[in-house]
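Hi,

Here is the structure I promised to pass on. Please open it alongside this note; my findings follow below.

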Amino acid sequence: MLQTQLLSNHHFNFGRRGRDSSVGRAGKCDVHRLEEGPPLKAELTREQGLRYYRIMQTVRRMELKADQLYKQKIIRGFCHLYDGQEACAVGIEAAINPSDHLITAYRAHGYTYTRGIAVKEILAELTGRRGGVAKGKGGSMHMYAPHFYGGNGIVGAQVPLGAGIALACQYQGNNQVCVALYGDGAANQGQLFESFNMAALWKLPCIFTCENNQYGMGTSVERASASTDYYKRGDFIPGIRVDGMDVLCVREAFKFAAEHCRSGKGPIVMELKTYRYHGHSMSDPGVSYRTREEIQEVRSKSDPITMLKERMLSNNMASVEEFKEIDIAIRKEVEEAAQYATSDPEPPLEELCNHIFSNDSPLEVRGTNPWARLKSVS
């Protein structure tokens, strides 16, 4: 078992991070309206470390495969990739229960996987095939799983929905929480502050989470926000800012946040300082508003997968050969998933209107003209 010190004097200057290989990378945790924050130490077992590595690496390989399929014009339309931000999803999932709830924006592939959907179903959804998680009708931005509510295409719109899910948790008294995720680009949306207000009034068990990847589309946070302290945006709601590139920092912060919500103290605002390697979406090359050198510097010094791997190797928790075996198995899984996603048939036209309602008798749906009739089956 490894004990990692989460040092309190670390700053979030990408490319200028100090690291002590004997204890792993440290991350500052800033708090707002809290007398104390998450613990300064975290324990990592070998089993946990290998599991976190496997999940993060699977998300990385899946997203790189999606990039390749998009460039081959097999995936079309909107496609926002998550590579670089894997520690956020894996750290959050390690801290909450599968029965807890999660809702995010359109950069949703990683969370779809961590919520239990197979790689082949995600890639098949991206290619619009019947075997996709949403039967080929949702695409990149609209994937769902048990206790996972998407995948939402309207900027910031998932946040009030997340507050509503938290209200349902409170109403049902099930001791569950909802993690409502949004980006730094959505952080200035008015509907966020309306949600904050209601959640604070009603003490809803909602973890409002800003994945601050430094750029809202092509605009840096400094140019878009008068205050970049997103964890303080709740004003009257407590907040925590943590290093989103360190899976253990994220895990410990969200254990703290979940306990805060479950104990009846109301909502909390989290800010995860992270970074995306791709552009905002596949239509954005991502190098017109930032330099290639900046991206490479983050990759070389702050990559969440590399940092976890080095932490485990330096503490003799796993061997280089073990990591190679995991990587080979993941590559094979992703390649097979891509084969499935490109060979599975597209949904037939007669299924176009199915599942309009969750549970109803079949009904007729008018098509593009009064003579076109389609059946809707739930």
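Strand β9 (residues 239-243) is joined to β10 by five bridges, and the two strands run parallel. One place to look is G239, which stands opposite V269 in β10. Keep in mind that this is a predicted model.

β10 has another partner. Strand β6 (residues 206-212) is linked to β10 by six bridges, again in parallel. Here I207 has I268 of β10 as its bridge partner.

β9, helix α8 (residues 247-262) and β10 form a right-handed β-α-β unit.

Now the side chains of β10. How many residues of strand β10 are buried? Six of the six, across residues 268-273, so the strand is mostly covered, with buried meaning under 20% relative accessible area. I268, M270 and L272 point one way, while V269, E271 and K273 point the other way. Both sets are buried, E271 and K273 included. In a regular strand, side chains alternate between the two faces of the sheet.

Last, a residue elsewhere. Q339 sits in helix α11 (residues 320-343). Is Q339 buried or exposed? Q339 has a relative accessible area of 56%, and the cut-off for exposed is over 50%, so Q339 counts as exposed.

Best wishes

Notes:
Residues numbered from 1 in each chain as written. Predicted model: local features only at pLDDT ≥ 70, side-chain atom pairs only at ≥ 80, totals over all residues. Heavy atoms only, no water. Helix = DSSP H or I, 4+ residues; strand = E, 2+ residues; numbered from the N terminus. Buried < 20%, exposed > 50% of the residue type's maximum accessible area, 1.4 Å probe, protein only. Pairing = 2+ DSSP bridges. Right-handed = clockwise from strand over helix to strand, strands pointing away.
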